[in-house]
Amino acid sequence: MDKSYNKTLYACFTGYIVQAIVNNFVPLLFLTFHNTYGISMTQITLLITFNFGLQLLVDILSITFVDRIGYRASMLIAHICAVAGFVFLTVLPDICGNAFAGLLIAVAVYAVGGGLLEVLVSPIVEACPTKNKEKAMSLLHSFYCWGHVAVVLVSTVFFYLFGIENWRCMAWIWSVIPFANMILFTRVPIPSLIDEGEKGLSVRQLFGKKIFWVLMLMMICAGASEQAVSQWASTFAEMGLNVSKTVGDLAGPMLFAILMGSARAFYGKYGERIDLEHFMIGSSVLCIASYLCIALVPSPVVGLIGCGLCGLSVGIMWPGVFSKAAAYEAKGGTAMFAMLALAGDVGCSGGPTVVGMVSGALDNNLKMGILAGVVFPMLLLAGIFLCRMCSKRI
């Protein structure tokens, strides 16, 4: 590979760290916002919904403009929005007449950046002339996990040393990363996903392909399998082990993120020796086993181990589906990656919702909610075999 493209890969890896900052820093401040600005928990929930809802909208709209303005311009816009969103976060709640409105504006701006990054980063890495694209894709997605871990650890240490009241300083510090990466993206070479003179498939053309619908189902299940446990891991740790929220966050989501990142980094290093499909099948089986372990084993410690195993098992799912899609539909282009990102976000939203709704219907029995969620890795496993069948007919 041309060494100049190494810088492109590094910029893309940092881009996923930026997305991790966008999605995981502000949730650490929800209680602070509640106490400082008098914002209700309902309004805080709206911030979460608005963030991911707007990212979904950006996933859809990106199909109409990314190819027109180019990947470089789109990537610069994404980073500018991330920087501006964090700057707005520190000033708008105090200068707006309504603090919640100020927060909502800030969330809207950085959500646009997060949504664009999700659509742009994977196809750029896929287009880079690497020897093993599956390895590069898995390694790329591991950086979201490391970004998540870093956001929680660094922010927690900062708040402990300097006080939560100085959270604005931490927001400015985190904004330096997208600003620096924006400068980097003005200089690195950005390859084209489609050969010169060719056009990527349209959404209508993609919809006419059976294998695309299987890939969409797999992407929904990948996101749902990941977040159905991840979003409830802290609550599960607190309830099952009777520990504080800080310990619960470290024992639940942090353990999950570290093991998920480790699985992606492992395949990123040794992927040329491992068949991707076999690795995904084994991971899906392990994921099913982890769900059953969490839901059916009475020991809370064993259940927490199950949460960790779930993180390990879902690591390859999201990047694996992206890699399989790129292999099956080489001309999928921006539209395919945008639709897959949309499907993944639907899964990320739907998985925890199913767990929460089932748990609520069964007297807040979180274990039974997670047991219901086992349908997602089971469907993903079925999707892998359906993909194999569809590819043989192409």
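What span should the twelve residues of α14 have at 1.5 Å a residue? They should span 16 Å, and the end C-alpha atoms of α14 are 16 Å apart, which agrees. The expected span of a helix is 1.5 Å times one less than its number of residues.

The legends below describe a predicted model, in which local features need pLDDT of at least 70, side-chain atom pairs count only at pLDDT 80 or more, and totals for chains, interfaces and linings use all residues. Residues are numbered from 1 along each chain as its sequence is written, and side-chain values use heavy atoms, with hydrogens and water left out.

**View A. Helix α14 and its cover.** Helices are DSSP runs of H or I with at least four residues, numbered from the N terminus. Helix α14 takes in residues 317-328. Ten of the twelve residues of α14 are buried, and the helix is mostly covered. Buried means under 20% relative accessible area, exposed means over 50%, and partly exposed lies in between, with a 1.4 Å probe and protein chains only. The buried residues of α14 are M317, W318, P319, G320, V321, F322, S323, K324, A325 and A326.

**View B. Helix α9 against helix α14.** Helix α9 (residues 210-230) and α14 have axes that come within 9 Å and cross at roughly 170°. This makes α9 roughly antiparallel to α14. Axes are lines fitted to C-alpha atoms, for helices over the stretch in contact, and angles run from 0 to 180 degrees between N-to-C directions. Angles under 35 degrees count as roughly parallel, over 145 as roughly antiparallel, 65 to 115 as roughly perpendicular, and the rest as oblique. On the α9 side, the contact is made by I211, L215, M218, M219, A222, G223, S225 and E226. On the α14 side, M317, W318, V321, F322, K324, A325 and Y328 take part. Contact means heavy atoms within 4.5 Å. The contact residues divide into eleven nonpolar, two polar and two charged. Here Ala, Val, Leu, Ile, Met, Phe, Trp, Tyr, Cys and Pro count as nonpolar, Asp, Glu, Lys and Arg as charged, and the others, Gly among them, as polar. The 21 residues of α9 reach 31 Å from first C-alpha to last, close to the 30 Å expected at 1.5 Å a residue.

**View C. The aromatic pair Y16 and Y144.** Rings of Phe, Tyr and Trp (its six-membered ring) pair if their centres lie within 6.5 Å; planes under 30 degrees apart count as stacked, over 60 as edge-to-face, and the rest as tilted. By this rule the count comes to 16 aromatic pairs. In one of them, the ring centres of Y16 and Y144 are 6.5 Å apart and the planes are at 80°, so the pair is edge-to-face. Y16 lies in helix α1 (residues 4-24) and Y144 in helix α6, and the pair links parts of the chain 128 residues apart. Y16 is buried at 3% relative accessibility, and Y144 is buried at 17%.

**View D. The aromatic pair F25 and F86.** The ring centres of F25 and F86 are 5.9 Å apart with 35° between the planes, and the pair is tilted. F25 lies in the loop between α1 and α2 (30-37) and F86 in helix α4 (residues 71-95), so the pair ties together parts that are 61 residues apart in sequence. Both F25 and F86 are buried.

View E. T8 lies in helix α1 and is buried, with 0% relative accessibility. Not counting residues up to four places away in sequence, T8 touches I124, C128, V188, P189 and P191.

**View F. Helix α6 and the residue after it.** Helix α6 (residues 133-162) has 30 residues and reaches 43 Å from its first C-alpha to its last, close to the 44 Å expected at 1.5 Å a residue. G163 follows α6 and has a positive phi, near 95°.

View G. V346 lies in helix α15 (residues 333-361) and is partly exposed, with a relative accessible area of 38%. V346 and V358 are twelve residues apart in sequence and 18 Å apart in space, C-alpha to C-alpha. S349 also lies in helix α15 and is partly exposed at 41%. S349 and A228 are 121 residues apart in sequence and 8.6 Å apart in space, C-alpha to C-alpha.

How values were computed:
Helices (H or I, at least four residues) and strands (E, at least two) are DSSP runs, numbered from the N terminus.
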